[in-house]
Amino acid sequence: MNTAILQVEDLYKDFGGLRALSGVSFTLKEGEITALIGPNGAGKTTLFNCITGFTPVTKGKILYRGKNITNWPPHKVVRHGLARTFQVVQILDDMTVEENVMVGAFLHEKTVQGARLLARKALQQSGIDHYTEHLAGSLPIPAKKRLEIAMALVTKPTLLMLDESMAGLTPTEFRDVQELILNLKKEGVTLVVVEHVMEAIMPICDRVLVLNLGVLIAQGTAKEVAENPDVIKAYLGDKYARNR
Amino acid sequence: MMELVRHRRFPTFILLFGLFIALVFPWVVRDRFAQNTAIFVLMYGLMAQAWNIMGGYTGLISVGQVAYFGIGAYTSAFLYTHFGINPWIALLIGGLITALFGVIAGYPVSKLRGRYFSIATIAMAEVMRISFSNWEYVGAARGIQLPIEKESLLTFQFHSSRLPYYYIILFLFIVVNLVVYVLERSRTGFYFRAIRDNEEAAAGLGINRSFYKLLSIGISAFFTALAGSFLTQFSLYVEPDYVFASSISITVAMVAVLGGIGSLGGPILGALVLIPLSEYTRAWLGKQGQGLDLMLYGALIIVFCILEPKGLMGLWKRISTKKRTSP
Ligand SMILES: Nc1ncnc2c1ncn2[C@@H]1O[C@H](COP(=O)(O)OP(=O)(O)O)[C@@H](O)[C@H]1O
Ligand SMILES: [Mg+2]
């Protein structure tokens, strides 16, 4: 279980004059849950975008199972088993919830009937099967977030990256997502989770990566990171360290 | 307010009934003008349905469909007059060449989004019109005249009756509708709609956006070219200002938009309403009325955008079903 699934090597991303990522390097191990944290604007979403091909990388390398996937187009990345959700939900507003998930299911099932079956399963797994026939654009935000998880799941990822999927959820709702994440881990899915709600992610993650102003300032277990003075200064200080 | 979606389509029996009406129409209505109008209803219906594949399903709003129409018209006229290729085969080759043109010309513009794409299609159509107007090899501004042949299905020429033309264009019209019918129920159709709704989400779901956009453009260009080839045979000449007229692009888009885009029934309804309206107002107003029919379209579109943004299909939907809402 300890083989590397994703290696990011010396990654840089510039937006014009703004350096959003600066020499980021880390390795994800298969089957682990990694929390990616850091203050707003740290570069977490940008890192996701670089890995999944939504933003071109300025410099550096991304290896997925040893294969160089740097700057691959997004659809190719997904087809290799690396799925994600978006901080700002990206769903198909004018299609039904089921149809949204079916689109992803077509990666594995050519027929409409087959895709529908796969979609139903993913909807159940993410707990929004009661919305099947609804227009996706008309759902409340928490349901949209779950729909997005279902859309990612149906592509059968081996590495799943969630960008603030629990933001705006009530404690009961995010406990459902927590449970879902733990279940996925049991099934062997590797996860990277960006989350602001520390109580939601810290108890369930194996490792933590801390980004600040585009620099990876710390990595380790939740405990190690919480005790790291740089991290406390940059971010955790008021939000988490004090609670311990 | 969450919306439940059902009954978005015409029931099959209505389509079959419509087909029956279409089959008997020219036997019941013998008036030549009415028969001509029916031919144009089907020709624009064919083009509007082709437009719908790109615009309605894939979200690539084209205001330059006449580029495909004209290239199709010219290719079949040219193949026939220069190489004596049978008009039916010329029609097919014209469609394929135009599809290829659509894909090649579409490659650089398919990355453009929304109105930028639309503007590019206008430019593409104008470039074609001007190029063909100056291209000596294909007759420049004079165009190409087709020789008159003995009438037969093989020569695609009929002089004693309009009926064969009617049934030929009806056949092509049915083919494009069948293609859309199948598309709606296939993976490719889902991919087109996903791209229309949200490109990022579509890519995240594993869709190769460029490939499916170009596929959509290729299919649309193919069928639009068939309409162009049909017009070549119907009028026995092509001319740049005739087969590359920007009013054709506008009419096609309006028929689709008025009918309601993104559904099979939309372009059919749109053509049934708009084309007779414009043909009859034009006849009624005479030569002075040139352009007035377009103004009428414009007014209709504005009224519809305000009252029924989903077009005639939206109206149909509301009449035929009550939209259920849940808390
Ligand atoms: N498309 C973009 N163009 C320009 N700047 C961007 C873009 N996306 C992100 N940024 C900038 O990059 C930095 C990191 O942003 P982001 O990755 O969204 O942070 P996080 O997700 O950690 O809150 C911010 O300063 C943000 O303004
Ligand atoms: Mg972010």
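This is a predicted model: local features need pLDDT of at least 70, side-chain atom pairs count only at pLDDT 80 or more; totals for chains, interfaces and linings use all residues.

Residues are numbered from 1 along each chain as its sequence is written, chains are lettered from A and ligands numbered from 1 in the order in which they are written, and side-chain values use heavy atoms, with hydrogens and water left out.

**Ligand 1 and its shell**

- The residues around ligand 1 (a heavy atom within 4 Å) are Phe15(A), Leu18(A), Ala20(A), Pro39(A), Asn40(A), Gly41(A), Ala42(A), Gly43(A), Lys44(A), Thr45(A), Thr46(A) and Gln87(A).
- By class, this shell has five nonpolar, six polar and one charged residues, where Ala, Val, Leu, Ile, Met, Phe, Trp, Tyr, Cys and Pro count as nonpolar, Asp, Glu, Lys and Arg as charged, and the others, Gly among them, as polar.
- A backbone N or O atom of Lys44(A) lies 2.8 Å from an oxygen atom of ligand 1, and an N or O atom in the side chain of Thr45(A) is 2.8 Å from an oxygen atom of the ligand.
- For Thr46(A), a polar side-chain atom lies 2.5 Å from an oxygen atom of ligand 1.
- On its own, ligand 1 has 560 Å² of accessible area, of which the protein covers 60% (Shrake-Rupley method with a 1.4 Å probe).
- The elements giving two or more residues to the shell are β2 (18-29) and α1 (44-51) of chain A, and the largest share, three residues, comes from α1(A); helices (H or I, at least four residues) and strands (E, at least two) are DSSP runs, numbered from the N terminus.

**Helix α2(B) against α11(B)**

- The axes of α2 (residues 32-57) and α11 (residues 246-259) of chain B come within 8 Å and cross at roughly 75°; axes are lines fitted to C-alpha atoms, for helices over the stretch in contact, and angles run from 0 to 180 degrees between N-to-C directions.
- That angle makes α2(B) roughly perpendicular to α11(B) (65 to 115 degrees).
- The contact (heavy atoms within 4.5 Å) involves Tyr44(B), Met47(B), Ala48(B) and Trp51(B) of α2(B), and residues of α11(B) including Ile248(B), Thr251(B) and Val252(B).
- By class, this contact has 10 nonpolar, one polar and no charged residues.

**Helix α2(B) against α7(B)**

- α2(B) and α7 (residues 187-197) of chain B pack at an angle of about 50°, with their axes 8 Å apart.

Technical notes:
A polar contact is a pair of N or O atoms within 3.5 Å; within protein, one must be able to donate a hydrogen and the other to accept it, and residues adjacent in sequence count only if both atoms are side-chain atoms. Angles under 35 degrees count as roughly parallel, over 145 as roughly antiparallel, 65 to 115 as roughly perpendicular and the rest as oblique.
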